[in-house]
Amino acid sequence: MNRARARLVDTLAPTVTAMALTTLTALALGRVFSDHTYLRPMLTVALGAHAVAVLLRALRVPSWLALPLLAFTLVALVGAVYYPTTMWGPFPTGRCIHALTTDLRAALKGFASAVAPVASASVFARSAALALGAAAMLADTFAFRSHGRLESVIPAGVIFITASALDTDHRQLGLLTAWVALAVLQVGLLRITHTSQSVAWLGPSRAPALRTLPQDVAHVVHMGGILLAALPDGVQKVVEFSRENALHFDIADLAVAVAVLQFVDLRHIGV
């Protein structure tokens, strides 16, 4: 019990950062919906998924059992928040599953023709909540069960890119900067946590965490370049921002160089 408690304390900082990254990703969806009423139920689902993942780790539930439990919990959370009349106590019924899959099909069918902002009570909000909850579940699994680092921020990054493809607001650059900063912090904390745990079991023969941290940071910055390239007119926004604010350093040139290297633009691949 003491060992499990110590492991939970050791992972507290990256767990909180992962939750913050999920919250920021939910905020990035704000320009996709007509108002902010989508946020509270979406965060209830996503942060609830995080909380259950932490609980299962604290109880030392093995992965082969934890993963189906997390999937069931996610469906139950979505059902309780968005389809309460279809629930049997805390358990989703067949009517709940039918309503959820019907909304998912409708969202996928209408995604190509959807124009932001869409209604906060639409099928897109319910589908986005399910996707963000799944991203939270995968992030915790990659970070603490598979001992991944960069992998833990990819699920939220995919949702951020999808939201950016539907948005044309200049404030997405600020969200992108904050998102990349949190992702760098998350990767660094996971590197330190995993390395310290390995040293405790295997002795001090492994390289210190700080020795390979720059490589992890480079990977996250590379992902930031992908996100920037996926933003509608992302490079142009950076150039305009630098000119409007009389920035005399090479931020615009750097943004152009990074974005050109990515070959990623959702509008060209039909997403």
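**A surface patch, a buried alanine and a cavity**

In this predicted model, Trp64, Leu65 and Leu69 form a nonpolar patch on the surface, with an accessible area of about 330 Å² together.

User: Why is Leu69 called partly exposed?

Analyst: The relative accessibility of Leu69 is 34%, and since buried means under 20% and exposed means over 50%, with partly exposed in between, Leu69 counts as partly exposed. Leu69 is found in helix α4, which covers residues 63–82.

User: What makes Leu69 open to being counted in a patch?

Analyst: A patch is made of residues with over 30% relative accessible area, and because Leu69 has 34%, this value passes that cut-off.

User: Why is Ala49 called buried?

Analyst: Ala49 has a relative accessible area of 4%, and because the term buried applies under 20%, Ala49 is buried. This alanine is found in helix α3, residues 39–58.

User: How do you know which residues Ala49 is in contact with?

Analyst: Contact means heavy atoms within 4.5 Å, and, leaving aside neighbours within four places in sequence, Ala49 is in contact with Leu70, Leu77, Gly133 and Ala136. As for Thr73, the C-alpha atoms of Ala49 and Thr73 are 7.2 Å apart in space, while the two residues are 24 apart in sequence.

User: How many residues of the chain are buried, as a percentage?

Analyst: Of the 271 residues in the chain, 46% are buried. Turning to contacts with a separation of 6 or more, 71% of them are accounted for by residues 24 or more positions apart.

User: What makes the space lined by Ala18 and Leu21 a cavity, and how is its lining made up?

Analyst: A cavity is a set of points where a 1.4 Å probe fits but cannot get out, and the structure holds one cavity of 30 Å³ or more. The largest cavity has a volume of about 60 Å³, and the residues lining it are Ala18, Leu21, Thr22, Leu132, Ala135, Ala136, Ala139, Ser152 and Ala156. Two or more residues of that lining come from each of α2 (12–28) and α6 (123–145), with α6 giving the largest share, four residues.

User: Which helices and strands make up the chain as a whole?

Analyst: The chain has 11 helices and two strands, and read along the sequence they follow the pattern α-α-α-α-β-β-α-α-α-α-α-α-α.

Methods
Residues are numbered from 1 along each chain as its sequence is written. This is a predicted model: local features need pLDDT of at least 70, side-chain atom pairs count only at pLDDT 80 or more; totals for chains, interfaces and linings use all residues. Side-chain values use heavy atoms; hydrogens and water are left out. Buried means under 20% relative accessible area, exposed over 50%, partly exposed in between (1.4 Å probe, protein chains only). Patches are made of residues with over 30% relative accessible area and no salt bridge: like charges are joined within 9 Å, nonpolar side chains (Val, Leu, Ile, Met, Phe, Trp, Tyr) within 5 Å. Accessible areas come from the Shrake-Rupley method with a 1.4 Å probe; for residues, only the protein chains shown count as cover. A salt bridge is a side-chain nitrogen of Lys or Arg within 4 Å of a carboxyl oxygen of Asp or Glu. On a 1 Å grid over the protein atoms alone, a cavity is a set of points where a 1.4 Å probe fits but cannot get out, and a pocket is an open set with protein on both sides within 12 Å along at least five of seven lines; lining residues have an atom within 4 Å of a point. Grid points are joined across faces, edges and corners, and a volume is the space filled by probe spheres set on the points.
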